[in-house]
Amino acid sequence: MHRLVFAMENCIGCRLCQLACSGRHEGRFSPLEARLAVVSRYGRQGLVVEARLCDACGRCVDACPTGALTMGDGVPLLNNDLCDRCGVCAAECPQEVISIKDDGLPRICDHCGGQPVCVAWCPHGALKLEEVSGQ
């Protein structure tokens, strides 16, 4: 199993990860349609950058009333045919990275099948896919 890891000290807030994610999954470059979020702000110490990533907690899977979401290799997987477009998964996501498309289906991070484009496109190595042992 794997998990996405964010190294804040390497991030410059460029949001290329969000653009790559939305480009792959939605066919257009829109940070609002990505399955992760980079939030930057200026604090007393300068630029502060945070990332919201799916941590595969499984709350979306547990909350899904139709069984459309299941866990597969440590990430939630969506069966579009079983989804009733209720939005409960998005409401239950503690990271707030599940959003709802115009057609009512949720955007769920699946780590791009083990080859996340967000990691590949990060120019400063702020995102990594790490092996999780013992699970």
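Visitor: What makes Gln 18, Leu 19 and Ser 22 contacts of Pro 31?

Guide: This is a predicted model. Contact requires heavy atoms within 4.5 Å. Pro 31 meets that with Gln 18, Leu 19 and Ser 22, leaving aside neighbours within four places in sequence. Pro 31 itself is in the loop between helix 1 (16–26) and strand 2. Its C-alpha is 8.8 Å from that of Ala 20, 11 residues apart in sequence.

Visitor: Why is Pro 31 called partly exposed?

Guide: Its relative accessibility is 29%. Buried means under 20%, and exposed means over 50%. The value for Pro 31 falls in between, so partly exposed is the term.

Visitor: What about Val 39 in strand 2: which class does it get, and why?

Guide: Val 39 has a relative accessible area of 33%, so it counts as partly exposed. Strand 2 covers residues 37–43. Not counting residues up to four places away in sequence, Val 39 touches Arg 15, Val 48, Val 49, Glu 50 and Arg 52. Between Val 39 and Phe 6 the C-alpha distance is 12 Å, with 33 residues of sequence separation.

Visitor: How do you know that Arg 107 is buried?

Guide: Its relative accessibility is 6%. The cut-off is under 20%, so Arg 107 counts as buried. Arg 107 is found in strand 7 (residues 106–107). Its contacts beyond four places in sequence include Val 97, Ile 98, Ser 99 and Ile 100.

Visitor: What makes the pair of Arg 107 and Glu 33 a salt bridge?

Guide: The N to O distance between their side chains is 3.5 Å. A salt bridge needs a side-chain nitrogen of Lys or Arg within 4 Å of a carboxyl oxygen of Asp or Glu, so this pair qualifies. Arg 107 lies in strand 7 and Glu 33 in the loop between helix 1 and strand 2, so the pair ties together parts 74 residues apart in sequence. Both residues are buried.

Visitor: Why is the link between the side chains of Arg 107 and Glu 26 called a polar contact?

Guide: The distance is 3.3 Å. The limit for a pair of N or O atoms is 3.5 Å, so the pair is inside it.

Visitor: What makes Glu 26 and Lys 101 a salt bridge?

Guide: Their side chains meet at 3.9 Å, N to O. The limit is 4 Å, so the pair counts. Glu 26 is in helix 1 and Lys 101 is in the loop between strand 6 (99–100) and strand 7, so parts 75 residues apart in sequence are tied together. Glu 26 is buried at 19% relative accessible area, whereas Lys 101 is partly exposed at 23%. The cut-off of 20% therefore falls between these values.

Visitor: Which residues are linked in a network of salt bridges?

Guide: Glu 26, Arg 28, Glu 33, Arg 35, Lys 101 and Arg 107. The structure holds 8 salt bridges. One of them joins Arg 59 and Glu 92 at 3.5 Å, N to O. Arg 59 lies in helix 2 (residues 59–63) and Glu 92 in helix 3, so the pair ties together parts 33 residues apart in sequence. Arg 59 is partly exposed at 42%, and Glu 92 is partly exposed at 31%.

Visitor: What makes strand 4 and strand 5 a pair?

Guide: Pairing takes at least two bridges. Strand 4 (residues 69–72) and strand 5 have 4, in the antiparallel sense. Gly 72 stands opposite Val 75 in strand 5. The two strands form a hairpin with 2 residues between them, and Asp 73 in the turn has a positive phi of about 55°.

Visitor: Where else is phi positive in a residue other than glycine?

Guide: Arg 85 is one case, with phi near 65°. Cys 112 is another, at about 50°. Most residues other than glycine have a negative phi. Arg 85 lies in the loop between strand 5 (75–78) and helix 3 (88–92), and is partly exposed at 41%. Cys 112 lies in the loop between strand 7 and helix 4 (117–121), and is buried at 10%.

Visitor: How many helices and strands are there, and why is the protein called compact?

Guide: There are 4 helices and 8 strands. The radius of gyration is 15 Å, close to the 14 Å that the globule rule gives for 135 residues, so the protein is as compact as a globular protein of that length.

Key:
Residues are numbered from 1 along each chain as its sequence is written. This is a predicted model: local features need pLDDT of at least 70, side-chain atom pairs count only at pLDDT 80 or more; totals for chains, interfaces and linings use all residues. Side-chain values use heavy atoms; hydrogens and water are left out. Buried means under 20% relative accessible area, exposed over 50%, partly exposed in between (1.4 Å probe, protein chains only). A polar contact is a pair of N or O atoms within 3.5 Å; within protein, one must be able to donate a hydrogen and the other to accept it, and residues adjacent in sequence count only if both atoms are side-chain atoms. The radius of gyration is taken over C-alpha atoms; the globule rule is 2.2 Å times the number of residues to the power 0.38.
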